[in-house]
Amino acid sequence: MVCQYLVGGILASVLGLVLLYKKIRKQAGFSSKKIQKEKCLMSSDSGLPRDSEIDESADIIIVGAGVAGSALAYTLGKDGRRVKVIERDLTEPDRIVGELLQPGGYLKLMELGLDDCVNEIDAQHVFGYALFKDGKSTKLSYPLQHFESDVAGRSFHNGRFIQRMREKASTLPNVKLEQGIVTSLITEKGTVKGVQYKTKNGQELIAKAPLTIVCDGCFSNLRRSLCNPKVDIPSCFVALVLDNCKLPYANHGHVILADPSPILFYPISSTETRCLVDVPGQKVPSISNGDMSHFLKTVVAPQV
């Protein structure tokens, strides 16, 4: 179920990041700088390559252009900041997480001026959930009576949604998205001053800014340089796409409280339905040797 709330939770946190940024800006009192690029010889002791080109044209560097990074780039760009976003891969992602946006997440999109990012991607309205257990079912609707008619959940292909958000951020002339792999954070006296990254062509560059924000996901390599995160993986999702599958309750997510864990169904387009099977443990049954097929047929299918 955590997967279903991921997008809404991330979007809700974006406003907090924006407020934190504004507080830092007031305290630091930095002003916009003119675009400047200089060649600088770095000592080998610094761990940075010699003759690295330093880009100090941005006020903020954002690492990662997912939901949080793209929304933050657009919000800060609207505030007049010059934003440089470095994303590992700017092609459309193909992921199964973040496909069902809760109404609270949609309200945050409206607040940020990003609600049109769910348009033109065949997103489906979601008005609540249907729960199934032991042959019985019930429907739970979102309490949306006091909101505008367009306020509801949305379900979609995650990659299409991400691309729309990136496109929206790129419409601002002071926001620049660049494909590259950030290899390290640049620190001076314990303060992050920027990043070192490798472009898609293999060129190693350095970018510096008064503020660097890392939004590269829960498996971030950069986060390990700042803290010692412990990622617990109690289960894994196995995903299927069902074509032209009509669910019992239209425009609702479906949750089967199965054994040993839940099974979820929800539309991701006008013709496709996502099925998510929660598999306990850190490893999933092998696809190559047929264990996965056997698990789905003997454990999952009889409960659907």
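**Figure 1. A nonpolar surface patch of about 270 Å² in the predicted model is made by Phe 219, Val 231 and Ile 233.** The model shown here and in the other views is predicted, not experimental in origin. Phe 219, one of the residues of this patch, is found in the loop between strand 13 (211-214) and strand 14 (235-243). With a relative accessibility of 54%, Phe 219 counts as exposed, because the cut-off for that class is over 50%.

**Figure 2. Overview of the protein chain, whose secondary structure comes to 5 helices and 17 strands.** Of the 304 residues in the chain, 43% are buried, and the accessible surface comes to about 16300 Å², of which carbon and sulfur atoms hold 53%. Among the contacts in the chain with a separation of 6 or more, 66% are accounted for by residues 24 or more positions apart. A search of the whole structure finds 11 salt bridges, and several of these are taken up in the views that follow.

**Figure 3. The salt bridge between Arg 81 and Asp 59, with the closest N and O atoms 3.7 Å apart.** Arg 81 lies in the loop between helix 2 (67-78) and strand 4 (83-87), while Asp 59 lies in the loop between strand 2 (52-55) and strand 3 (60-63), so the pair ties together parts that are 22 residues apart in sequence. The C-alpha atoms of Arg 81 and Asp 59 are separated by 6.0 Å. Both partners fall in the buried class, Arg 81 with a relative accessible area of 12% and Asp 59 with a relative accessibility of 1%, because that class takes in residues under 20%.

**Figure 4. The salt bridge between Glu 99 and Arg 274, with the closest N and O atoms 2.7 Å apart.** Glu 99 lies in the loop between strand 4 and strand 5 (100-101), whereas Arg 274 lies in strand 17 (residues 272-280), so this pair ties together parts that are 175 residues apart in sequence. Both Glu 99 and Arg 274 are buried.

**Figure 5. Helix 3 (residues 103-112), which holds both Glu 111 and Lys 108.** The side chains of these two residues, Glu 111 and Lys 108, meet in a salt bridge with an N to O distance of 3.5 Å. Glu 111 and Lys 108 are 3 residues apart, which is about one turn of the helix. An α-helix has 3.6 residues a turn, so residues three or four places apart point the same way. Lys 108 is partly exposed, with a relative accessible area of 22%, whereas the buried residues of helix 3 are Pro 103, Gly 105, Tyr 106, Leu 109 and Leu 112. Just after helix 3, Gly 113 takes a positive phi of about 75°.

**Figure 6. A network of salt bridges that links Asp 55, Lys 84 and Glu 178.**

**Figure 7. Helix 5 (residues 291-300), in which Met 292, Phe 295, Leu 296 and Val 300 are buried.** These four residues cover an arc of only 95° around the axis, which puts them on the same side of helix 5.

**Figure 8. Cysteine residues in a structure for which the count of disulfides comes to 0.** The sulfur of Cys 245 is 8.8 Å from the closest cysteine sulfur, which belongs to Cys 275 and is too far for a bond, because a disulfide requires sulfur atoms within 2.5 Å. Cys 245 is partly exposed, with a relative accessible area of 31%. Cys 117, by contrast, counts as buried at 1% relative accessibility.

Methods: Residues numbered from 1 in each chain as written. Predicted model: local features only at pLDDT ≥ 70, side-chain atom pairs only at ≥ 80, totals over all residues. Heavy atoms only, no water. Helix = DSSP H or I, 4+ residues; strand = E, 2+ residues; numbered from the N terminus. Buried < 20%, exposed > 50% of the residue type's maximum accessible area, 1.4 Å probe, protein only. Contact = heavy atoms within 4.5 Å. Areas by Shrake-Rupley, 256 points an atom, 1.4 Å probe, with all protein chains shown as cover. Salt bridge = Lys/Arg side-chain N within 4 Å of Asp/Glu carboxyl O. Patch = residues over 30% accessible without salt bridge, like charges linked within 9 Å, V, L, I, M, F, W, Y side chains within 5 Å. Arc of directions from axis to C-beta.
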